[in-house]
Amino acid sequence: MKAVVIREFGDPEGLEVVDLPVPVPEPGQVRIATEAIGVGGVDAVIRRGTMAGLGFRKGHLLGSEVAGRVTAVGEGVDASWAGRRVWAFTGLSGGYAEQAVAAVEDVLPLPEGLTSADAVTLGGSGVVAHFALERARFAPGESVLVRGAAGSIGIAAVQLAARGGAGAVAVTTSSAERGARLRELGATHGVDRSGEGCGADTPAGFDVVIDVVGGSLLPLFLDKLNPNGRFVALGVVAGPPPTDFGVRLMDAFRRSVSFATLSTDTVPGPDKQAVRASQFTEAARGDLRTVVHEVLPLDQAASAHRAMDAGEVFGRVVLVP
Ligand SMILES: NC(=O)c1ccc[n+]([C@@H]2O[C@H](COP(=O)([O-])OP(=O)(O)OC[C@H]3O[C@@H](n4cnc5c(N)ncnc54)[C@H](OP(=O)(O)O)[C@@H]3O)[C@@H](O)[C@H]2O)c1
């Protein structure tokens, strides 16, 4: 089968299209003929080598989420899965391929009316956004700032905060055009990547900051928390925060702000699947919107990564085999 692996960490040119044996599902796994493969920010982070410390090696087969039809089941898996259209989380590898395997507990049937492309746009990111707002103890009426809102996690977080009754939903973006698109999804205010450029009515402080960006500017956004405000860090698309960020956090001591990280790895699987199933149903009804930036053939994975590195992607790029 055709697959895309990391030949060299760094630039997208280090991605290589290769032929690999079709995987055989192990006990407890299913195999899926992929119809859509999500290209996540985490894939770019792994490809760049930012997560090298976690043991990723050359030859790594990228990709975390796929949707398609189950073609085989491993030992101990109910045979009725065969032939079903499903979404699946494949872990931090295995998705950029014509056939992928996943543990059956990470597989979810797709409702009628939800395309495979929509499923891989929402499946992973909607759940991250949901549990980030839960971790932040977000309550109706509170003001929320979503940092890095133009990605699929941010797009979901904006919609969930808006319909959860947020008093204000501000977003950071690199362009006014992106800000306008996010307003259509529920944002009320747009600021630039350094939190500037707000209109007169933009809140000076926020009760909740949801951040997929990290990087050197993270402390600026800690300073934007209201007293008792909660910051939830979800990702590092701009790299790690400065080493003195703990000092900046302690500087905010008298405002009783909180800093938390959240990885959905620590959320119990059944809780994630319940939220995901409900979000899929809402998306199929049109009550939750997915934004597919572009659909590209699998062998153009490097183009997808170039677009991500160039900051051109709004929503999610989807690969099709
Ligand atoms: N916590 C979890 O459980 C979990 C799960 C999955 C993924 N993740 C993490 O989430 C991140 C990916 O999320 P995603 O796919 O939604 O994000 P993404 O699409 O990679 O990026 C979101 C937005 O961030 C902005 N951005 C990019 N580079 C930036 C920079 N240098 N400085 C400031 N803003 C920048 C861009 O918007 P503008 O150009 O408009 O500013 C971009 O559209 C990864 O770090 C991944 O590891 C976390």
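**View 1. The shell around the ligand, by residue class.** The shell around the ligand in this predicted model is made up of 13 nonpolar, 16 polar and two charged residues. Here Ala, Val, Leu, Ile, Met, Phe, Trp, Tyr, Cys and Pro count as nonpolar, Asp, Glu, Lys and Arg as charged, and the others, Gly among them, as polar. Of the 31 residues around the ligand, Gly41, Gly148, Gly151, Ser174 and Gly235 come nearest; a residue is near a molecule if its C-beta atom, placed from the backbone, lies within 6 Å of it. Residues are numbered from 1 along each chain as its sequence is written. In the predicted model, local features need pLDDT of at least 70 and side-chain atom pairs count only at pLDDT 80 or more, while totals for chains, interfaces and linings use all residues.

View 2. At least two residues of the shell around the ligand come from each of α1 (41-48), α3 (125-135) and α4 (152-163). Helices (H or I, at least four residues) and strands (E, at least two) are DSSP runs, numbered from the N terminus. Domain 1 (2-109 + 291-320) and domain 2 (125-264) each give at least three residues to this shell; the bounds come from an automatic or database domain assignment.

**View 3. The two domains where they meet.** The centres of domain 1 and domain 2, taken over C-alpha atoms, are separated by 28 Å. Eight residues of domain 1 are in contact with 12 residues of domain 2, contact being C-beta atoms, placed from the backbone, within 7 Å. On the side of domain 1 that touches domain 2, three residues are nonpolar, four polar and one charged.

View 4. Gly38 sits in strand β3 (residues 29-39). Gly38 is buried because 30 other C-beta atoms lie within 10 Å; buried requires 20 or more other C-beta atoms within 10 Å of the residue's own, exposed 12 or fewer, and partly exposed is in between, with C-beta atoms placed from the backbone. Leaving aside neighbours within four places in sequence, the contacts of Gly38 are Ser64, Glu65, Val120, Thr121, Gly124, Arg316 and Val318. Between Gly38 and Gly76 there are 28 Å in space, C-alpha to C-alpha, and the two are 38 residues apart in sequence.

**View 5. The protein chain as background to the close-ups.** The protein chain has nine helices and 15 strands. Its C-alpha trace spans about 55 × 40 × 35 Å along the principal axes. Of the 321 residues of the protein chain, 45% count as buried.
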